[in-house]
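Subject: A structure for you to look through, with notes

Dear colleague,

Please find below the structure that I promised to hand over, and keep it open while you read the notes that follow it.

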Amino acid sequence: MPDSNTPGDSIKTLRARIQRLDSAGLDLMFREARSFKKWQDRSVEPTVLQELYELMKFGPTSQNSNPGRIFFLCSEEAKERAVPALHEGNVPKVKAAPVVAIIAYDTEFYEYLPRLFPAKDTSGMYRSNPDKAESTAFRNSSLQGAYFMLAARALGLDVNGISGFHNEKIDVEFFAEGRCKSNFLCCLGYGDTDGLHPKGVRAWTLMKPARYCRNF
Ligand SMILES: Cc1cc2nc3c(=O)[nH]c(=O)nc-3n(C[C@H](O)[C@H](O)[C@H](O)COP(=O)(O)O)c2cc1C
């Protein structure tokens, strides 16, 4: 018999093994997860960082465009290069973090589209329309940044997003060749619960359901 496995077969097998995350998993990734400013004295192994980006890459992007790029600042020297770009209040947070990731995007992501989305080569559409390329790269790299944070939590890491910095300064310092642009930074490590303030209420908790979720 020829091997007649289809992509759907492996998903059926998966769904026979697991139907949903359990409550502890949901707590880990969402309900109990926090943004940390202090960190345990515990380094993040390179193998964990590798596992992290090998996991987050599976999150969906439009036309499978994958414009996000991740740059890890692991040494004190590398983090120090980011300091002049930071808003003052974020300097100690970045310095204290075991690892800081620059969530960036490739402004010429469309070069890879013929291989990433062979069903239809739309690279010319982006090449001839820089505004569309920019908004697509920014939107999808933001999504990939979110996948990055959730993948980190799924692996037992903690995160703290950082958007309080001057993107142009980070870009000049790290992406002088001009092709990549920074989106936001993400501190990574194992969080220290000492001094955590209570978790902030979410907007939807303040609203009537009709204001955040309704049928039109
Ligand atoms: C994209 C992004 C940017 C953020 N920028 C900053 C920042 O510049 N400085 C900071 O201290 N926290 C920053 N945060 C952390 C948020 O303030 C924090 O996630 C939010 O208050 C919710 O807190 P919680 O995760 O502990 O519930 C950022 C978070 C995200 C996702």
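Helices (H or I, at least four residues) and strands (E, at least two) are DSSP runs, and they are numbered from the N terminus. Residues are numbered from 1 along each chain as its sequence is written. Please bear in mind that this is a predicted model, in which local features need pLDDT of at least 70 and side-chain atom pairs count only at pLDDT 80 or more, while totals for chains, interfaces and linings use all residues.

To begin with the overall picture, the protein has ten helices and four strands, and from the N terminus on these elements follow the order α-α-α-β-α-α-β-α-α-α-β-α-β-α. Taken along the principal axes, the box that the C-alpha atoms of the protein fill is roughly 60 × 45 × 45 Å. A residue is called buried if 20 or more other C-beta atoms lie within 10 Å of its own, exposed if 12 or fewer do, and partly exposed in between, with the C-beta atoms placed from the backbone. By that rule, 28% of the 216 residues in the protein are buried. Two residues are in contact if their C-beta atoms, placed from the backbone, lie within 7 Å. Of the contacts in the protein between residues at least 6 apart in sequence, 81% join residues at least 24 apart.

Next comes the ligand. A residue is near a molecule or strand if its C-beta atom, placed from the backbone, lies within 6 Å of it. The residues around the ligand are Arg-34, Ser-35, Asn-90, Lys-93, Asn-160, Gly-161, Ile-162, Ser-163, Gly-164, Phe-184, Lys-199 and Gly-200. Strand S3 (residues 158-162) gives the largest share of this shell, namely three residues.

The axes of helix H3 (residues 46-56) and helix H8 (residues 130-154) come within 9 Å and cross at roughly 130 degrees, where axes are lines fitted to C-alpha atoms, for helices over the stretch in contact, and angles run from 0 to 180 degrees between N-to-C directions. H3 is therefore oblique to H8, since angles under 35 degrees count as roughly parallel, over 145 as roughly antiparallel, 65 to 115 as roughly perpendicular and the rest as oblique. At this meeting, Leu-52, Leu-55 and Met-56 in H3 meet Gln-144, Tyr-147, Phe-148, Ala-151 and Ala-152 in H8. The residues of this contact divide into seven nonpolar, one polar and no charged.

Pro-46 lies in helix H3 and counts as exposed, because it has 11 C-beta neighbours inside 10 Å. Although Pro-46 and Cys-74 are 28 residues apart in sequence, they are 9.3 Å apart in space, C-alpha to C-alpha. Lys-132, for its part, belongs to helix H8 and, with 13 C-beta neighbours inside 10 Å, counts as partly exposed. Leaving aside its neighbours within four places in sequence, Lys-132 is in contact with Met-125 and Tyr-126.

Finally, please look at the loop between H3 and strand S1 (68-73), where Gln-63 is placed. Most residues other than glycine have a negative phi. The phi of Gln-63, however, is positive, near 50 degrees, and Asn-66, which is not a glycine either, has a positive phi of about 45 degrees. Asn-66 is likewise found in the loop between H3 and S1. Are these two residues buried or partly exposed? Gln-63 counts as partly exposed because it has 18 C-beta neighbours inside 10 Å, whereas Asn-66, with 21 such neighbours, counts as buried. Leu-116, in helix H6 (residues 113-116), is in contact with Asn-64, Ser-65 and Asn-66, if its neighbours within four places in sequence are left aside. The C-alpha atoms of Leu-116 and Gln-63 are separated by 7.9 Å, although the two residues are 53 residues apart along the chain.

With best wishes

Technical notes
Ala, Val, Leu, Ile, Met, Phe, Trp, Tyr, Cys and Pro count as nonpolar, Asp, Glu, Lys and Arg as charged, and the others, Gly among them, as polar.
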